Protein chains: 2
Amino acid sequence: MKVLTKKTDYAIRALLMLGSKRGVYVSAKSISTEQDIPYQFLRGLLQEMIRHDLIVSKEGAQGGFMMKKEPDEIPIAQLIEVFQGKVQVSECMFRKQICANRARCVLRHEIMRIEQVVNREFDKITIGKLIRDLDAVNGMTHGSGEKGGS
Amino acid sequence: MKVLTKKTDYAIRALLMLGSKRGVYVSAKSISTEQDIPYQFLRGLLQEMIRHDLIVSKEGAQGGFMMKKEPDEIPIAQLIEVFQGKVQVSECMFRKQICANRARCVLRHEIMRIEQVVNREFDKITIGKLIRDLDAVNGMTHGSGEKGGS
DNA sequence: TTAATTGATATCAATATAGTATCAGTTCTA
DNA sequence: TAGAACTGATACTATATTGATATCAATTAA
């Protein structure tokens, strides 16, 4: 059972970069290189994030991508939703009549409770929080001014 | 993001049936019919559960399957592990060097915390508990002696 | 003996995930 | 104003996972 797919993982790492370099456009190429994310794959993810109003882009030379929202306003719950779909008990459950099958019904009740717990936790983890965590770790280990390579 | 796959969903429902009919062998065919689970697919799941010591079988006419463990000793966390693999942050993370990538590292820390929360919750939900929940719901709505169809 | 059953395994189809390729359009800079 | 550095848009391919089906041998009760 995989919690995060590559898409979400890559998207988070791209946003961590954009969130750390505010006010400048960062190219897909530099994100791809620094974060070791396949270039064209990343391009698709960035487009998707534009469509969801998380980032903006600028075309042409010296163009690139920049945060649109505040890092603290982007919980990874939202990224999971964008790239993996809403957390749900089982695909088709909600299309069927509630309680059509009683066994499913009691199980559904339990799992919806867990869903809420999970979503609440993922909501607490924002890109902003991760950036601060990251700074703290890097600060302790490397001192400040670290570029932050792999 | 799908929490339960069909395999796990079907396996749980099969166990709920076996757990409700203790002491008799229940055929794959009757489980398939009552729970509306594809017959051959279910057969595979039952074999898998035998391999994991959850149920036993008896071959031949009047044969079938029966619980081996107590229903209260089977948390759905275990079924998720059997049919969907252990809950994990991302597939390959543990094969790589810890903290090889700092961004992944801080993220990993957060998500492992959530994993624990989730696993703890799934551990609380046992087949025995679901059977009791099921009885309570059926009791309230239909009165006792209900066969419990779809 | 035979029908009802599981054991074991092979195969297939559909979907999701991961990654690649291409070309048109935009913008900075020399 | 040419051309390099970019994004926009879209089509395509490969691989893995999920869901499902098919077949045949062995076992057992009646």
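Which residues of α1(A) meet which residues of α3(A)? Before getting there, a word on the model: this is a predicted one, where local features need pLDDT of at least 70, side-chain atom pairs count only at pLDDT 80 or more, and totals for chains, interfaces and linings use all residues. Residues are numbered from 1 along each chain as its sequence is written, while chains are lettered from A and ligands numbered from 1 in the order in which they are written.

Now to that helix pair. From α1(A) come A:K7, A:Y10, A:A11 and A:A14, and they meet A:L42, A:L45, A:L46 and A:M49 of α3(A). Being in contact here says that the C-beta atoms, placed from the backbone, lie within 7 Å. (Nonpolar covers Ala, Val, Leu, Ile, Met, Phe, Trp, Tyr, Cys and Pro; charged covers Asp, Glu, Lys and Arg; the others, Gly among them, count as polar.)

How do the helices sit? Two packed helices are described by the angle between their axes and the distance between the axes. For α1(A) and α3(A), the angle is about 75° and the axes are 10 Å apart. That makes α1(A) roughly perpendicular to α3(A). The axes are lines fitted to C-alpha atoms, for helices over the stretch in contact, with angles running from 0 to 180 degrees between N-to-C directions. On that scale, under 35 degrees is roughly parallel, over 145 roughly antiparallel, 65 to 115 roughly perpendicular, and the rest oblique.

Stay with α1(A) and look towards α2(A). Their axes come within 10 Å and cross at roughly 115°, which means α1(A) is roughly perpendicular to α2(A). The crossing of α1(A) and α2(A) is right-handed; a crossing gets that label if the near helix is turned clockwise from the far one by less than a right angle, and is left-handed if anticlockwise. Here A:R13, A:A14 and A:M17 of α1(A) meet A:I31, A:E34 and A:Q35 of α2(A). That contact divides into 3 nonpolar, 1 polar and 2 charged residues.

Over in chain B, the axes of α1(B) and α2(B) come within 10 Å and cross at roughly 115°, and their crossing is right-handed. In this pair, B:R13, B:A14 and B:M17 from α1(B) meet B:I31, B:E34 and B:Q35 from α2(B).

Next, the strands. In chain A, β1 (residues 55–58) pairs with β2(A) in the antiparallel sense over 4 bridges, pairing being called when DSSP finds at least two bridges between two strands. A:I55 stands opposite A:M67 in β2(A). The two strands form a hairpin with 5 residues between them, and A:G60 in the turn has a positive phi of about 80°. In chain B, β1 (residues 55–58) and β2(B) also pair antiparallel over 4 bridges, with B:K58 opposite B:G64. Their hairpin has 5 residues between the strands, and B:G60 in the turn has a positive phi of about 80°.

α3(B) gives the most, with 4 residues.

DNA strand D also has 27 residues around it, and the closest are A:S57, B:T5, B:P38, B:Q40 and B:G60. The largest share of that surface, 5 residues, comes from α3(A).

Notes
A residue is near a molecule or strand if its C-beta atom, placed from the backbone, lies within 6 Å of it. Two residues are in contact if their C-beta atoms, placed from the backbone, lie within 7 Å.
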